[in-house]
Amino acid sequence: MKRVLIIANLYHAFPRIPGVGTYLPEFGWEATIITPYIGKDEENRLGFPKQFLDMAKIVEANYRGDIFWFWRKLFKVFGFKTKESITEQIKKHVGVTSRRSLIDFLMNWYQTFFAYPDTEKTWEKPAVEAASEVLRKVHFDAILSSSPFPTSHVVAAELKKRFNLFWLADFRDLWTQNHNYPYNSLRRMIEKRLELRTLLQADALVTVSLPCAERLQVLHEEKPTYVITNGFDPEEINIPPIDLTSKFTVTYTGQIYPGKQN
């Protein structure tokens with residue numbers, strides 16, 4: 001049995017990475033996943049596949065929280081919930097409903113300067129330390145990093161330098177080529193250099209669709225790029241089965257992102 005070390009935030013990598021971790025053993029691979037602390041509440045809410053926790057090993061790299069950790073603690077004094085968006089709670093508190101409000105502008109400005117490359121950047125050091133400890137104790141054959149957040153790829157790049165393992169970088173969403181990239185053009189230009197420098201060490205890339213793969217290949221100079229489309233686990237979905245109507249039926253299985261989809 002070969003071993004792969006997966007670098008991913010399981011809270012945001014759901015359901016793609018738990019699905020991968022569940023079925024990799026059928027193809028001769030055992031997965032160990034480095035992730036930020038999840039906790040039983042989130043684990044139960046996400047509802048991992050039944051076999052996932054039996055098939056994959058999870059190593060939680062503790063860290064103090066994302067770049068909003070200080071503000072979450074501060075606003076908790078005023079009754080704010082630590083598990084919910086600070087921006088949305090502030091807007092609700094002052095009665096703002098617009099998505100182009102001053103509050104949104106200020107939060108975007110804050111993240112433009114301090115969330116580089118993302119809000120989970122504080123996880124980089126604990127993740128590298130936790131993964132390095134695992135890699136020193138057990139032989140692994142490959143590393144798989146999955147984003148968002150791109151900090152997972154930054155962690156994998158450091159591990160690639162230290163341990164020289166085959167590295168596959170998985171993009172559920174593109175990095176600076178994302179059509180919903182939230183920051184200004186100057187930030188995108190600077191971050192694009194980080195993306196190129198980080199992924200220069202990757203042995204191959206994988207993403208969810210052919211158009212995304214083509215864009216990655218153009219940016220990363222024909223680096224081997226593969227497509228693994230998103231899917232579903234038949235053991236987990238549609239139980240009990242929903243009968244289709246006699247009319248034409250469209251089933252949308254993703255999330256709705258208000259203001260980002262037409």
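## Trp29 and its surroundings

Two residues are said to be in contact when heavy atoms of theirs lie within 4.5 Å. In this predicted model, and leaving aside residues up to four places away in sequence, Trp29 touches Met1, Lys2, Arg3, Val4, Leu24, Asp141 and Ala142.

Trp29 belongs to strand β2, which covers residues 29-36. With a relative accessible area of 23%, Trp29 counts as partly exposed, because the term buried is kept for values under 20%. Lys50 is 21 residues away from Trp29 in sequence, and the C-alpha atoms of Trp29 and Lys50 are 18 Å apart in space.

## The sheet

Seven strands form an open sheet with parallel pairing, and their order across the sheet is β3-β2-β1-β4-β5-β6-β7. The edges are taken by β3 (56-61) and β7 (225-227), each of which has a single partner strand, so one side of each has no neighbour in the sheet. On average, and with direction ignored, neighbouring strands of this sheet are turned by 25 degrees against each other.

## Strand β4 and its partners

Within this order, β4 stands between β1 and β5. Strand β1 (residues 2-7) runs parallel to β4 and is joined to it by four bridges; in this pairing Leu5 stands opposite Ile143, and Ile7 stands opposite Ser145.

Six of the six residues of β4 (residues 142-147) are buried, which means that the strand is largely enclosed by the rest of the structure. Helix α9 (residues 151-163) lies across β1, β4 and β5, and runs at about 160 degrees to β4.

## Helices α6 and α7

Helix α6 (residues 86-94) packs with helix α7 (residues 102-114) at an angle of about 155 degrees, and their axes are 10 Å apart. Because angles over 145 degrees count as roughly antiparallel, α6 and α7 are described as roughly antiparallel to each other, and their crossing is right-handed.

The contact is made by Thr87, Ile90, Lys91 and Val94 on the side of α6 and by Ile103, Asp104 and Met107 on the side of α7. Sorted by type, the residues of this contact comprise four nonpolar, one polar and two charged.

Methods:
Residues are numbered from 1 along each chain as its sequence is written. This is a predicted model: local features need pLDDT of at least 70, side-chain atom pairs count only at pLDDT 80 or more; totals for chains, interfaces and linings use all residues. Side-chain values use heavy atoms; hydrogens and water are left out. Helices (H or I, at least four residues) and strands (E, at least two) are DSSP runs, numbered from the N terminus. Buried means under 20% relative accessible area, exposed over 50%, partly exposed in between (1.4 Å probe, protein chains only). Axes are lines fitted to C-alpha atoms, for helices over the stretch in contact, and angles run from 0 to 180 degrees between N-to-C directions. Angles under 35 degrees count as roughly parallel, over 145 as roughly antiparallel, 65 to 115 as roughly perpendicular and the rest as oblique. A crossing is left-handed if the near helix is turned anticlockwise from the far one by less than a right angle, and right-handed if clockwise. Ala, Val, Leu, Ile, Met, Phe, Trp, Tyr, Cys and Pro count as nonpolar, Asp, Glu, Lys and Arg as charged, and the others, Gly among them, as polar. Two strands pair if DSSP finds at least two bridges between them.
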